[in-house]
Amino acid sequence: MANVGVLGAGSWGTALSVLLSDNGHEVTVWSIDENEVNMLNEKREHELKLPGVKLPDDMVITGNMRSAIQGKDFLVLAVPSPFTRSTARKMSPMVAEGQIIVDVAKGIEESTLMTLSRQIEQEIPQADVAVLSGPSHAEEVGRRLPTTCVIGAKTRKTAEYLQSMFISNVFRVYTSPDILGIELGGSLKNVIALAAGIADGLGYGDNTKAALITRGIAEIARLGVKMGGKIESFTGLTGIGDLIVTCASVHSRNRKAGYLIGQGMSMQEAMDEVKMVVEGVYSAKAAAKLAKEYDVSMPIVEEVNAVLFEGKSPAEAVNDLMMRESRSENRSLTWEE
């Protein structure tokens with residue numbers, strides 16, 4: 001049994017806290033929001049973000065960050081990606097040398113183009129930073145539905161230790177050394193999911209969704225491999241797997257925001273309606289900047305940015321994607337002349 005601190009009591013942090021508690025670990029959950037702490041302690045349920053999932057009686061909910069960090073065998077950082085750096089900065093003086101931090105959010109910082117693990121390492125250099133990602137909506141993990149994820153870590157020892165902490169009969173965990181590929185797949189798929197939602201909002205069908213998923217993973221893999229990620233990550237759970245679930249699921253906040261935009265809402269109106277952080281909006285500009293920096297063609301990402309930030313109509317963006325210059329699907333495949 002391990003003593004675990006979970007930083008962030010949103011839907012994902014809460015679901016993972018329940019999973020870890022089910023596995024026999026002692027869990028302390030921290031939230032910055034005093035009202036959230038009081039509600040979780042009184043109701044033993046996150047009525048707003050994870051209704052119907054009961055918290056174990058012995059799970060500690062606190063607003064004291066130090067008590068959630070010090071003396072813990074490992075930490076789970078589950079705050080939304082825009083708050084990863086600021087939270088890590090606050091955590092740093094309390095984190096012990098070599099203490100393991102598993103980041104479970106997904107995103108890229110627009111100003112620095114850093115993945116979340118790099119931000120954490122910059123703010124908490126003494127930590128052993130790992131990541132957990134894959135097709136894993138909190139609503140289903142909280143209901144204990146079968147789910148598979150991947151742990152990425154710098155060493156096999158850390159990866160296999162965390163694998164043994166999270167794995168259960170409803171949560172299968174694989175390991176990988178490709179932290180960069182895992183994080184790029186997890187963050188960039190949110191941008192493609194916005195496009196898929198927009199297509200749904202416009203009333204398009206399964207053909208359109210399949211095209212966006214397939215061409216979307218091609219864009220993600222092109223950029224990811226050029227940045228140093230491994231193709232196996234983009235064809236696995238943290239690439240195509242996560243992309244499929246985020247583009248298709250009713251639980252996906254990115255797909256829902258895209259749907260509302262396709263229905264005619266502005267980006268801000270859609271985000272307000274979703275009532276949770278839509279991480280694809282924050283990653284879209286970063287993805288476009290990375291595409292330019294690494295000279296990689298990402299037309300879906302470009303059109304999503306045009307709709308979100310330049311006032312382009314969703315229907316026009318789809319038309320421009322369809323009418324791009326004709327080309328081969330994969331330029332590495334050639335005819336024998």
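Phe74 and Phe166 are both buried, a class that covers residues under 20% relative accessible area, with exposed meaning over 50% and partly exposed the range in between (1.4 Å probe, protein chains only). The model is a predicted one, in which local features need pLDDT of at least 70 and side-chain atom pairs count only at pLDDT 80 or more, whereas totals for chains, interfaces and linings use all residues. Residues are numbered from 1 along each chain as its sequence is written, and side-chain values use heavy atoms, with hydrogens and water left out.

The structure holds 2 aromatic pairs, where rings of Phe, Tyr and Trp (its six-membered ring) pair if their centres lie within 6.5 Å, and where planes under 30 degrees apart count as stacked, over 60 as edge-to-face and the rest as tilted. Phe74 and Tyr161 form an edge-to-face pair, at 6.0 Å centre to centre and with 90° between the planes. Because Phe74 lies in strand S6 (residues 74-77) and Tyr161 in helix H7 (residues 156-166), this pair ties together parts that are 87 residues apart in sequence; helices (H or I, at least four residues) and strands (E, at least two) are DSSP runs, numbered from the N terminus. The relative accessible area of Phe74 is 0%, while Tyr161 is partly exposed at 28%. Phe74 and Phe166 form a tilted pair, with 5.9 Å centre to centre and 45° between the planes, and this pair links Phe74 in strand S6 to Phe166 in helix H7, 92 residues apart.

Helix H8 (residues 179-201) and helix H14 (residues 279-293) pack at an angle of about 105°, with their axes 8 Å apart; axes are lines fitted to C-alpha atoms, for helices over the stretch in contact, and angles run from 0 to 180 degrees between N-to-C directions. H8 is therefore roughly perpendicular to H14, given that angles under 35 degrees count as roughly parallel, over 145 as roughly antiparallel, 65 to 115 as roughly perpendicular and the rest as oblique. The contact (heavy atoms within 4.5 Å) is made by Ser187, Leu188, Asn190, Val191 and Leu194 of H8 together with Glu279, Gly280, Val281, Ser283, Ala284 and Ala287 of H14.

Ser92, in the loop between helix H4 (84-91) and strand S7 (100-103), is buried, with a relative accessible area of 15%. Not counting residues up to four places away in sequence, Ser92 touches Glu123, Ile124 and Gln126.
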